[in-house]
Amino acid sequence: MSLAIVYSRAALGMQAPLITVEVHLTKGLPAFNIVGLPETAVKESKDRVRSALVNSHFDFPICRITVNLAPADLPKEGSRFDLAIALGILAASKQLPQDTLQAYEFIGELALTGDLRAIRGVLPVVLHAHLALRQVVVPIHNEMEAALVKEASVFAATHLLEVCAHLKSITPLKRCEVVPTLLAHSEKHDLSDIKGQPHAKRALEIAAAGRHSVLFVGPPGTGKTMLASRLTSILPDMTDKEALEAASVVSISHTGFNADCWKKIPFRAPHHSASSIALVGGGRPPRPGEISLAHHGVLFLDELPEFSRHALECLREPLESGKITISRASFQAIFPAHFQLIAAMNPCPCGYANSATHTCHCTPEQIRRYLSRISGPLLNRIDMHMIVSPVSPHLLQTRGKFSEEPSLAVRLRVMKARGLQMARQMKYNSELTVPELEKYCHLTEDASKLLHEVMLKFNFSARVYHRLIKVARTIADLAAEVKIEERMIGEVLNFRYLDRLGS
Ligand SMILES: Nc1ncnc2c1ncn2[C@@H]1O[C@H](COP(=O)(O)OP(=O)(O)OP(=O)(O)O)[C@@H](O)[C@H]1O
Ligand SMILES: [Mg+2]
């Protein structure tokens, strides 16, 4: 037989569509063609595969070789099909039994020596191959990543010859297993590093408990960046499912999988010069942006008004839907983006508006223009915004960490409040829909009256109204109260600083 079929997988966003590698050998002038929309790196496969086969002491068939990567209409990138193409040629030229190939999927780049090199995006490949009930062979450098899918049957190889020995049942390959060093990560920052700032810390706790987005506004050097960087230290550990989803995004990103970050809550802090593509993803092939790399974690936008207007506007859709769809003429890629937004900014260009210690030199028009860089709709989507004032020198001089509450204590309260939310509604308070708000957020009579007065006084929009109730629900959960009380509505009002500024 001069036809062989081998399975592999392409990368398309978070998907890993099946690619059937068909290799056909026919009589004729020696030629080696790859068809099926291959990109440049796939075309270069020809030279790598030829050298790898020759250097592994196989016969390279002297005939007409046609390799078809099906389906033809799916763009294919990278060197990931090298191994499958080489095995297809060996099977078609009867140097390898054809029947054993069907139970496997192969992924990996070949060096000219026949060694296997790591590729990006192995995790989605293994997940999909497992669903298709096939075993997978991956390069040894991708072993740790592949082993994360515990139920899948994955083998790791260092060389083409090892894969052939396995398929011929001479020397079985090593099964990938979870390496015990892949332990949950411990945080190095602690909330107790921050002196004073009880209101900001309380806001951080509420944000963590209900997964609310938060914006800190304050003069330079008051600890806004410091506060934001402590958010992950009070969040509960990621579940295995969440960690696997987050690792899958990193696996297909430009950095690739990093075993050191396994189960570490993502904390992405892109610089304000980031383009909208860097922020939300895109390019060709499509790669996830910062919002997807922050999936199940935190996206921190420091100096919020300095981000380009377009980049910020791109956040509106994923903030509501938890995903981003990148549509181009030839493909559509969907990346998950279920992140918690935390942002920081100064109140005016000089940073000292309303400061008790410094004089602000900005004109009202400059301040208005500065604040208007953040659009109303985006601001509407931020659950909490609050002012962070400077700490007193006396507080800064207190030594030791003992006077401040450590992250662990706050984290326990956050976990308790999250537990209540899951038991009641199976989602975080920030994700409640309008009918669910009516079902789960009951106010006492006094609270209801206060909220009515506040709405009239500040002329809040319907979205702000719903956000107020969601944050109040989280405050009630932290206090383990069934109903939202008047004092809770009062506290929530502290977290609408910019709305009150505009009214
Ligand atoms: N409450 C605090 N406790 C201890 N150190 C603090 C506190 N607030 C500020 N600092 C110190 O000030 C430094 C600057 O803080 P940070 O970068 O968080 O300020 P910021 O509010 O983000 O300022 P900017 O508006 O300029 O970005 C910190 O690295 C820390 O040394
Ligand atoms: Mg800062």
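Mentor: Start with a definition: helices (H or I, at least four residues) and strands (E, at least two) are DSSP runs, numbered from the N terminus. This is a predicted model, where local features need pLDDT of at least 70, side-chain atom pairs count only at pLDDT 80 or more, and totals for chains, interfaces and linings use all residues. Residues are numbered from 1 along each chain as its sequence is written, chains are lettered from A and ligands numbered from 1 in the order in which they are written, and side-chain values use heavy atoms, with hydrogens and water left out.

Trainee: In which helix is glutamate 445 found, and is glutamate 445 buried or exposed?

Mentor: Glutamate 445 is found in helix H19. Buried means under 20% relative accessible area, exposed over 50%, partly exposed in between (1.4 Å probe, protein chains only). Glutamate 445 has a relative accessible area of 71%, so the residue is exposed.

Trainee: Which helix gives the most to the negative patch?

Mentor: The surface patch of negative charge gathers Glu445, Asp446, Glu453 and Glu486. Patch residues have over 30% relative accessible area and no salt bridge; like charges are joined within 9 Å, nonpolar side chains (Val, Leu, Ile, Met, Phe, Trp, Tyr) within 5 Å. The helix that gives the most, with three residues, spans residues 445-458: H19.

Trainee: How many salt bridges does a search of the whole structure find?

Mentor: A salt bridge is a side-chain nitrogen of Lys or Arg within 4 Å of a carboxyl oxygen of Asp or Glu. The search of the whole structure gives 28.

Trainee: What is the N to O distance between glutamate 313 and arginine 316?

Mentor: Glutamate 313 also forms a salt bridge with arginine 309, at 3.9 Å. Arginine 309 and glutamate 313 both lie in helix H12, four residues apart, about one turn. Glutamate 313 is partly exposed because its relative accessibility is 22%. Its salt bridge with arginine 316 has an N to O distance of 2.4 Å.

Trainee: Is aspartate 477 buried or exposed?

Mentor: Arginine 424 forms a salt bridge with aspartate 477, with closest N and O atoms 2.9 Å apart. The pair links distant parts of the chain, helix H17 and helix H20, 53 residues apart. Arginine 424 is partly exposed at 24%. Aspartate 477 has a relative accessibility of 3%, so aspartate 477 counts as buried.

Trainee: Which residues does alanine 243 touch, not counting residues up to four places away in sequence?

Mentor: Alanine 243 lies in helix H9. Its relative accessible area is 2%, so alanine 243 is buried. Contact means heavy atoms within 4.5 Å. With residues up to four places away in sequence not counted, alanine 243 touches Met238, Trp262 and Lys263.

Definitions and conventions
Accessible areas come from the Shrake-Rupley method with a 1.4 Å probe; for residues, only the protein chains shown count as cover. Lys and Arg count as positive and Asp and Glu as negative; His and the chain ends are not counted. The place of a charge is taken as NZ of Lys, CZ of Arg, CG of Asp or CD of Glu.
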